[in-house]
Amino acid sequence: MSRFVIIGNGIAAAGCIEGIRSVDKDSPISVISAEKHKVYSRPLISYYLEGRTSLEKMNYRSEDFYKKNGVQLIYDTAEMIDTKKGTVGLSGGRSAAFDKVCIAAGSAPFVPKISGLDKVKNKFTFMTIDDTLALEKSLKKDSRVLIVGAGLIGLKCAEGIFDRVSSVTVCDLADRVLSSILDKDCAQVMQKHLEKKGIRFMLCDTAERFEDTKAVMKSGKTVDFDILVLAVGVRANTQLAANAGAQVDRGIIIDTAMRTSLENIYAAGDCTQGHDSSVGTSRVLAILPNAYMQGFCAGVNMAGGESSITDAIPMNSIGFFGLHCASAGSYFEKGEGEIYEQKSCGGIKRLYIKDGRLTGYIIIGDVTGAGIYTSLVREKTDLSGVDMEELKKNATLAIFLPQTRRKKLGGVV
Amino acid sequence: MKRVYVNEQWCLGCHLCEYNCAFANSGETDMVKALKDKPIYPRVHIEQSGDITYAVSCRHCKDPLCVKSCIAGAISKQDGVVKIDKTKCVGCLTCVLVCPYGAVRPGETGAASKCELCLENSCGEPACVKGCPNNAIVYEERQE
């Protein structure tokens with residue numbers, strides 16, 4: 001018997017519970033949840049505002065998830081980890097004792113210091129259900145919305161509220177939209193599409209100060225708004241781990257088995273900084289699939305099993321107003337390798353090929369078969385046995401040698 | 001468990017599997033009504049490599065990436081079958097992003113769609129296999 005405590009109740013925590021239970025069916029698990037909600041899918045909050053899902057459908061797992069897995073769900077905030085006593089201190093002086101603990105504390109919106117921001121009444125971040133419900137309450141048909149940040153969160157928010165307000169303006173200091181997942185040319189394709197739908201952009205520009213309901217931009221322009229959404233970025237929640245003495249950088253440092261630098265303390269999900277195999281360095285890879293897989297891996301190891309993740313890569317699938325975008329891996333500047341480009345009606349595909357491998361790709365438009373490209377990136381497949389002309393044209397299994405393909409389709413995988 | 005496998009040396013490239021699949025999953029009782037003059041969204045598709053053709057559908061992987069990656073918690077594995085809860089799916093296509101076989105595709109409603117072995121439709125067994133004229137697709141147990 002071990003006592004397991006999981007700090008956090010998001011996707012990584014759900015993965016951790018399932019990882020523990022794949023090895024150990026009986027030991028008690030406690031989950032400390034700062035949000036008073038059962039595990040739900042945060043990336044769905046924009047779909048909720050758009051009316052494409054409901055609060056109930058946003059539940060990531062079934063109603064009996066905690067009960068079925070013998071989990072005690074505690075709605076409280078973890079304030080400190082006492083590594084000597086083996087306890088997690090909760091608010092109000094309570095504590096939870098552990099033999100193994102997993103920190104799955106996620107991340108929090110980064111709110112920049114901007115002059116006059118404290119006096120803006122209708123301001124929101126966009127990350128949790130509570131953020132979303134608060135924002136929803138303020139939406140009116142004639143609202144003018146300013147979103148600071150043209151990344152995944154800012155643009156998904158823009159799409160989610162677009163039909164419920166009068167105008168949406170998005171500003172970003174970067175020179176392009178979605179700068180974390182798209183190269184400059186592909187970003188322009190997506191930006192054009194969003195502009196056609198009616199979203200206004202102010203790039204290479206950001207709010208420098210606020211005067212009540214007016215934003216004065218770095219460029220000197222001004223934007224009048226009724227609602228302000230801050231989507232500049234997120235920061236990993238590392239404080240708890242750092243205070244306990246764990247090694248922390250931009251995220252909590254973990255090895256390939258999800259161990260932190262402290263004994264019996266594991267970490268998973270958006271709060272961590274682990275190995276990004278696409279570039280071979282330690283990076284925060286705050287994406288949902290990664291959170292689940294890291295959580296599961298941590299759980300298996302906490303319960304005495306053996307698991308590791310050595311092939312994590314950045315990857316993303318996201319769509320805006322019906323135009324899809326799939327991307328994975330890393331890109332490089334022109335001249336460092338081959339950048340294959342194929343344009344289609346309203347879309348673009350770019351494959352980054354270097355040293356006989358696909359290092360990354362971006363597809364905007366028809367993403368059918370994209371997973372085949374993703375697998376080439378993830379597995380660092382040597383392309384010498386691959387039909388390159390076919391690979392560039394279509395993402396199908398026809399790119400592989402017949403024996404490879406027969407193995408994929410004729411065996412148990 | 002039994003899965004769908006392809007014997008590519010027997011595949012004629014006739015695409016009947018695609019039509020039988022789309023019909024079996026249409027909810028209609030008349031094939032003409034189900035398929036005529038409509039775009040179809042089969043859960044199996046024929047690919048071609050030179051002169052060779054073969055059918056591709058979900059492998060129902062032992063450790064499915066789509067299940068682990070689904071941002072909505074809409075994909076699960078039950079009794080060996082990978083299933084999509086279409087009421088929960090928001091059509092983000094993260095499953096398409098991660099499936100190494102290209103076997104998950106956007107369906108008619110925008111939700112992701114893939115082979116679920118016809119176990120819950122009126123066919124009751126894989127319609128692609130049942131209707132294949134040359135035994136190029138089979139439904140059987142194979143050694144792991």
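A: Of the 413 residues in chain A, 47% count as buried (a residue is buried if 20 or more other C-beta atoms, placed from the backbone, lie within 10 Å of its own, exposed if 12 or fewer do, and partly exposed in between). This is a predicted model, in which local features need pLDDT of at least 70 and side-chain atom pairs count only at pLDDT 80 or more, while totals for chains, interfaces and linings use all residues. Residues are numbered from 1 along each chain as its sequence is written, and chains are lettered from A and ligands numbered from 1 in the order in which they are written.

The secondary structure of chain A amounts to eleven helices and 26 strands (DSSP runs numbered from the N terminus, helices being H or I of at least four residues and strands E of at least two). With a radius of gyration of 23 Å, close to the 22 Å that the globule rule gives for 413 residues, chain A is as compact as a globular protein of that length (the radius is taken over C-alpha atoms, and the rule is 2.2 Å times the number of residues to the power 0.38). Along its principal axes, the C-alpha trace of chain A spans about 65 × 60 × 35 Å. Of the contacts in chain A between residues at least 6 apart in sequence, 62% join residues at least 24 apart (a contact means that two C-beta atoms, placed from the backbone, lie within 7 Å).

One part of chain A is an open sheet of five strands, paired in parallel in the order 3-2-1-7-19 (strands pair if DSSP finds at least two bridges between them). At its edges stand strand 3 (71–75) and strand 19 (265–267) of chain A, each of which pairs on one side only, and the twist from one strand to the next averages 20 degrees (axes are lines fitted to C-alpha atoms, for helices over the stretch in contact, and angles run from 0 to 180 degrees between N-to-C directions). Within this sheet, strand 1 (residues 4–7) and strand 7 (residues 100–103) of chain A run parallel and share four bridges, with A:Ile103 in strand 7 as the bridge partner of A:Ile7. Helix 1 (residues 11–21) of chain A lies across strand 1, strand 2 (29–33), strand 3 and strand 7 of chain A, at about 165 degrees to strand 1.

Chain A also has an open sheet of three strands in the order 4-5-6, with antiparallel pairing. Strand 4 (78–82) and strand 6 (95–97) of chain A stand at its edges with a single partner strand each, so one side of each is left without a neighbour in the sheet. Strand 4 and strand 5 (residues 87–90) of chain A are joined antiparallel over four bridges, and A:Ala78 has A:Leu90 of strand 5 as its bridge partner.

Further along, strand 11 (residues 167–172) and strand 12 (residues 200–203) of chain A run parallel and are joined by four bridges, with A:Cys171 opposite A:Met202 in strand 12.

As for the partner chain, 32 residues of chain B are in contact with 38 residues of chain A. Helix 4 of chain B gives the most to the side of chain B that touches chain A, supplying four residues.
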